[in-house]
Amino acid sequence: MSSEPDDFLRAVEAALFVAEAPLTPAELKLHVGEGGNLAATLQALSDHYAGRGINLVERGGRWHFQTA
């Protein structure tokens with residue numbers, strides 16, 4: 001899915017799944033730290049979930065999962 005370290009990708013994915021509201025990249029970094037390239041990880045996750053029953057989307061600079 002990505003060349004990012006698996007732990008960082010998994011942390012970003014988990015943080016987004018449990019978030020009560022969409023998160024900005026800065027808010028995500030507060031939860032997952034600086035362990036990788038956040039922009040590339042978000043794009044990799046967005047690509048991974050594209051065409052599935054759930055999608056990772058960005059709106060207004062905030063990221064969240066939504067049903068397809």
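Author: Start with the surface. The accessible surface of the chain is about 4,100 Å², and carbon and sulfur atoms account for 50% of that. Keep in mind that this is a predicted model.

Reader: OK. How many helices and strands are there?
Author: The chain has 3 helices and 2 strands. Along the sequence they run α-α-α-β-β.

Reader: Why call the chain as compact as a globular protein of that length?
Author: Its radius of gyration is 11 Å, close to the 11 Å that the globule rule gives for 68 residues, so the chain is as compact as a globular protein of that length.

Reader: And what box do the C-alpha atoms fill?
Author: Roughly 30 × 25 × 20 Å, along the principal axes.

Reader: Switching to the inside. What share of the residues is buried?
Author: Buried residues are 35% of the 68.

Reader: Which residues of the largest nonpolar core touch the most other members?
Author: That core has 15 residues, and V12, L16, L28, L38, L42, L45 and L56 touch the most other members. Helix 1 (6–18), helix 2 (25–32), helix 3 (38–49) and strand 2 (62–67) each supply at least two of the core residues.

Reader: Which helix gives the most?
Author: Helix 1, with 5 residues.

Reader: Back to L28. What does it touch?
Author: Leaving out residues up to four places away in sequence, L28 touches V12, A15, L16, L23, G33, L38 and L42.

Reader: Last one, charges. How far apart are the mean positions of the positive and negative ones?
Author: They are 5 Å apart, for 5 positive and 9 negative charges.

Note on methods:
Residues are numbered from 1 along each chain as its sequence is written. This is a predicted model: local features need pLDDT of at least 70, side-chain atom pairs count only at pLDDT 80 or more; totals for chains, interfaces and linings use all residues. Side-chain values use heavy atoms; hydrogens and water are left out. Helices (H or I, at least four residues) and strands (E, at least two) are DSSP runs, numbered from the N terminus. The radius of gyration is taken over C-alpha atoms; the globule rule is 2.2 Å times the number of residues to the power 0.38. Buried means under 20% relative accessible area, exposed over 50%, partly exposed in between (1.4 Å probe, protein chains only). Accessible areas come from the Shrake-Rupley method with a 1.4 Å probe; for residues, only the protein chains shown count as cover. Lys and Arg count as positive and Asp and Glu as negative; His and the chain ends are not counted. The place of a charge is taken as NZ of Lys, CZ of Arg, CG of Asp or CD of Glu. A nonpolar core is a set of buried Ala, Val, Leu, Ile, Met, Phe, Trp, Tyr and Cys residues joined through side-chain atoms within 4.5 Å. Contact means heavy atoms within 4.5 Å.
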